[in-house]
Amino acid sequence: MRQVWIVLRREYLERVKTKGFILSTIAIPVLMLGMIGLSAFLGIQAERSQRELALVDYTGRIGDEVARRVQSYGYEMELVDRVVALDELDRRVLEDELEGYLVLDDLTLSEGVFAYRGKDSPSALRRALFESAVVETALELHLSTMESAGTVRALIEGGQLDYESVVESTGGEGAEVARIRGIATGFAGAFLLYLTMILYGQYVLRSVLDEKRNRVVEVVISSVTPWRLMLGKVLGVGSMGLTQVGIWAGSGAVLALFGIPFIAAQFPSTELGGFLQYLPGAGDIALLAVYFLLGYFLFAALFAAVGAMCSTEEDAQQAQFPLVMLLVVPFIMQMTTIEGGGFAWMDWVALFPYFSPVMMFPRAVAGAVPWWMVALSLVFMALALVGTAWVAGRIYRVGILMQGKRPTLRELVRWVRTA
Amino acid sequence: MTELAVRLSGVTKSFGSHTAVSDFDLDIPRGAIVGLLGPNGSGKTTMIRMIMAILLPDRGTVELFGGFPDFARRSRVGYLPEERGVYEKMKVLEQLVFLGELRGLTRQMARSRAGHWLERLGLAEWSGKKVQELSKGMQQKVQFIGTVLHDPDMLILDEPFSGLDPINQDVLEAIVREERERGKTILFSTHLMEQAERLCERVCLISRSRKVLDGDLKKLKRRERSGAVAVEFEGDDRWLMRLGIRDIERVDDAHHLSAVDQAQYDAILAAAMEAGVALRRFEVLEPSLREIFVRHAGEQAEEPPMAAMGGAR
């Protein structure tokens, strides 16, 4: 065990210390958050920095209210007296005093049609805001003359579909939230599992291949049994992976718990605060960890075996193709059924141990399959892991000392038999 | 010295149609220092890899410390492969500590021994550098330290001196000699005959995957005596004619005369006295390892025979 630990520690430290690790750990989330943040920030800035808007209301009945609404969205809007000639407003637009102006007339009241005059066409966001401001104001005006105003208003606001889940154990209030949360967690989890298994699997492959290529392995193998070396390696890379995912998850949690309420407090009008309830619970994360561990070891063993049977980078690129397919295929199948439903037979496909992380985890958290199927998939994965480790260990043992041509399938079988 | 460190019997190894080692027998007693000699591609590395159980023989048996070279036996050996097997991205000291710990040293012990060796090989100031920043020669020294760090019973060194400058070759040679003094068994391969001649007690000559000769170097040389003496003197050389020896060859200042036994040696000495020449040198010539090798390896040899002397075993 001490030797496994020594190999593990080396593998872990050597990886964690590299620039690549630090970059990918910090840079990937920072980059993604940064891009989202930056584009949101720039968007808001662009909207705010625009010059003043104006409004001419020929109906004389809704101008005040429309201007008030538009102002509440954060724009400056000046209500212009209707005796001012449009030529005058056009001149102000051309001289960049005004960004543009809205023109409301009788047609606005009857059909919700109005004009925007400016040098540039309004952005999609602005268009939507203007439309809602004008249409809502016009509606209010009409409603105020009706008896059943309250009913009409409620209906116009679109009503509401209350989802009542008939899946066991959940249901009642918050069922809709739980459903969305399940889908979101499942999607994010499947993606994370897919990404990490491919990424860390390749790390293992590279590590095995490098050691074999520079013949360090011949020295090391006189002091460590191949099995311990492989185990130490896989555990080392796995620990690094856990560290990385841990940092990502930790910073994500910090962001969710402190960042989102902070942002929500800055923009009270948005419903960002409600987003918190869609974040996964501790149970989901524990299940993710179980699938991650089983899945990682399952694939790491395979990638180690592939690394051991190759002698060159090009070889390894080719030889790992089936493994990558083993990850890509379930991922594609999963993407076609994001909501966890889809074809019933896919629930059974998800029991295939190599597909389970990407396919069964999202089904489990979305509550799309009964619990015994989830449990069964974990049992299958554990059994597959034992078998895979046994075969991979044998291939590894023969392969790391073998130079030259990659073995054929028949030779591989012989390695496994005789090792 | 009955106990054997290594025993190969009838070992054969082929790669496809190429036979790398053919029907090979070799005994290496404990405490011996043995040179494995042969041109490139003659099978030295394959043999060493079989001793380390990196390769398994197609036929025959390999024994290390009296049994199959299993994990426990292999860990008593410090093995330096021909290729420079180092973790290039690791720092020098960390790498050595890692290797030391793997072989059962504590962290402190590995660290202090590695420090000591780095000092000795003039690499102390490089201990914090990554291995890839070092020159090839320095990397080789680091690797050598990794081989001896855990104080193994036996050293198996595949071409340990190749690629080193003469000064570092001497340093390494001195260390190998020292380890031998401390009772270790040493097997190393080289294609540098002169080096083997300086260092070895026993040699094993390989050519074309077969063993040509092996045994104690001194005995081997005596047995391989070419049947000639070298004589150097001042004065008239007519007395040589009177000896009745037909094969006389002038080599620089010396004359090489063919003579095979003590009676002939005595006759030559007596003749020289009688002629009254001032004798400067009288030496029974022993062939160099290179000559022995060339003689036995035949057309496989690297260079044509240097001295045209006959003689069979």
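Because the model is predicted, local features are reported only where pLDDT is at least 70 and side-chain atom pairs only at pLDDT 80 or more, whereas totals for chains, interfaces and linings use all residues. Residues are numbered from 1 along each chain as its sequence is written, chains are lettered from A in the order in which they are written, and side-chain values rest on heavy atoms, with hydrogens and water left out.

With contact taken as heavy atoms within 4.5 Å, 23 residues of chain A touch 26 residues of chain B. The area buried between the two chains, that is, the accessible area (1.4 Å probe) lost on putting them together and summed over both, is about 2,300 Å², and carbon and sulfur atoms give 56% of it. On the side of chain A, the residues that lose the most area to chain B are A:R10, A:V219 and A:S222, which together account for 24% of what that side buries.

Four salt bridges are counted between chain A and chain B, a salt bridge being a side-chain nitrogen of Lys or Arg within 4 Å of a carboxyl oxygen of Asp or Glu; over all chains, the structure holds 46. A:R9 is paired in this way with B:E101, with 2.5 Å between the closest N and O atoms. A salt bridge also links the side chains of A:K17 and B:E94, at 3.3 Å from N to O. A:K17 belongs to the loop between α1 and α2 (19-48) of chain A and B:E94 to helix α3 of chain B, so this pair joins two chains. Helices (H or I, at least four residues) and strands (E, at least two) are DSSP runs numbered from the N terminus.

Across the interface, 10 residue pairs are in polar contact, both residues being at pLDDT 80 or more; such a contact is a pair of N or O atoms within 3.5 Å in which, within protein, one must be able to donate a hydrogen and the other to accept it, and residues adjacent in sequence count only if both atoms are side-chain atoms. In chain A, α1 (2-16) and α9 (216-220) each supply at least two residues of the side that touches chain B, and α1(A) gives the most, with seven residues. By class, that side of chain A comprises eight nonpolar, six polar and nine charged residues, where Ala, Val, Leu, Ile, Met, Phe, Trp, Tyr, Cys and Pro count as nonpolar, Asp, Glu, Lys and Arg as charged, and the others, Gly among them, as polar.
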